[in-house]
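Visitor: Could you walk me through how to read a few features of a model like this one?

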Amino acid sequence: MKPPSLLQVLLLPLVVADYTLSLRPRLTPMPYNPRVPFPNPPPRSTSRVCVVNTHGDGVTDDAYSVLFALHECNDGGHVLFLRGETYTIGSAMDLTFLKHIDIDIQGRIQFSNDTEYWQANSFPFVFQNVTSFFKLGGEDVWIYGGGTIDGNGQVWYDEYAANIYTLRPVLVGIDGLKDSVLSDLVLRHSPQYYHFIANASNVVFNNIDIAGASTSKHSAKNTDGWDTYRSRDVTIMNSVINNSDDCVSFKPNSTDILVQSLFCNGSHGISVGSLGQYVGTFDIVESVMVSNISMHNASDSARIKVWPNAPSAMSDDLQGGGGSGRVRNITYEDMTIDNVDYAIEITQCYGQRNLTLCQQYPSPLTIDDVVFRRFRGTTSRKYQPLVATFACSSAKVCGHIRATDIDVVSPSGTRQAYCLNQEATNLELECTDNYKGFR
């Protein structure tokens, strides 16, 4: 979309209001500091404040007003979405031009429910049919203020139930953002992932509140909290996530990632992958630290999922297998488990329920140097007596996996783990060949 003309913006109702700018949030990393320092730019000019006008009717598109304010205060200013106001976005916005700007969201931003428009005009990424309402990029961008971004997801949950090939936008699509912070935000009802972070570096997510369950019989599907992709030095911390898919997922070529101090409820855990989905690709996930996580009512807590070297299918719209790469230097520590199906799950047979076929065609993607330590809590009854599964397609491509100080039991008090092609002496659990199923 081109920047709006002055005339287009002047035709909006004039907003006259007193306002107070939010202070930049203080970033307090616990227990670890990231590999590179957090962004710390000087304050923006107090003489360059752009208040975003809105039609305020909850229907008319305010995208032109948003773009006008962002262009006017780009490179040194402060953009304000007013408290108590609702801004409706009905047009796709390319925001990759942003630099040296504070975006203060005190009000509510909602996206229109025009599914036909968004499927035709949202921004495509190159991974798993991901699209986004807007592309956020640039450098030195701070977004905060305590306001809400709402994806109007219910119409998408119902649409997807009728047609699984519906292209559902992610709520926050990031492409090429660097040296930036998103903090103190409420995210609601994303059609798909809440964040997709692509081609980013040194980006911090702090104090994010995520939720958005369906109100119909059609559940909210694939609502990952964060997915990182071709990005490095991403920090995710001090947040609460109530969703129905991965709390955080590290997709291909995610390196030097820090995830800490999260409360995750209803999710599929914190996951490496899925990886190795596409033939001819080389996927890398390495140098990842996950620490101080509270995981509740989930399918998994800590998870690594790799496609085998044979065609496999999770569903009609999620298929793959045959890609290569590596997973290396991954640590999960200090995780509290509460009603979680598997405290730990490693599989190189993702999407392939035929274990014989999986071992006949072992994954060319290697898993090496993975640590799980200081896990506490109780699993669900789903897989008891198992509390964990380590399913490698071959010992040659999956090794040096250690699980220490694992104080996790099933409701019946057992602490068994399914171990396939694993060195049992490295796992402080009771290894068994009793297969109970994995995804």
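**Salt bridges and a pocket**

Guide: Let's start with Arg-326, which is partly exposed at a relative accessible area of 24%. Buried means under 20% relative accessible area, exposed over 50%, and partly exposed in between, using a 1.4 Å probe and protein chains only. Bear in mind that this is a predicted model, where local features need pLDDT of at least 70, side-chain atom pairs count only at pLDDT 80 or more, and totals for chains, interfaces and linings use all residues. Residues are numbered from 1 along each chain as its sequence is written, and side-chain values use heavy atoms, leaving out hydrogens and water.

Visitor: Which side chain does Arg-326 meet in a salt bridge?

Guide: Side chains of opposite charge can pair when their charged atoms come close. The cut-off is a side-chain nitrogen of Lys or Arg within 4 Å of a carboxyl oxygen of Asp or Glu. Here Arg-326 pairs with Glu-286 at 3.1 Å, N to O. Glu-286 sits in strand β20 and Arg-326 in strand β23 (residues 324–347), so the bridge ties together parts 40 residues apart in sequence. Strands (E, at least two residues) and helices (H or I, at least four) are DSSP runs, numbered from the N terminus. Glu-286 itself is buried, at 15%.

Visitor: How many salt bridges does the structure hold?

Guide: There are 21. One of them joins Asp-102 to Arg-24 at 2.9 Å, N to O. Asp-102 is in strand β5 (residues 99–105), while Arg-24 is in the loop between α1 (6–10) and β1 (49–51), so parts 78 residues apart in sequence are tied together. Asp-102 counts as buried at 2% relative accessibility, whereas Arg-24 is partly exposed at 25%.

Visitor: Which residues are linked in a network of salt bridges?

Guide: Asp-246, Asp-300, Arg-303, Lys-305 and Glu-345.

Visitor: And pockets: how much space lies in the largest one?

Guide: Rolling a probe the size of a water molecule over the atoms shows where empty space is left. A pocket is an open set of points on a 1 Å grid over the protein atoms alone where a 1.4 Å probe fits, with protein on both sides within 12 Å along at least five of seven lines; lining residues have an atom within 4 Å of a point. Its volume is the space filled by probe spheres set on the points, which are joined across faces, edges and corners. In this model, the largest pocket holds about 750 Å³. It is lined by 32 residues, with Tyr-160, Asn-222, Asp-245, Ser-315 and Leu-318 the closest to its centre. Strand β20 (282–306) and strand β21 (312–315) each supply at least two lining residues, and β20 gives the most, with three.
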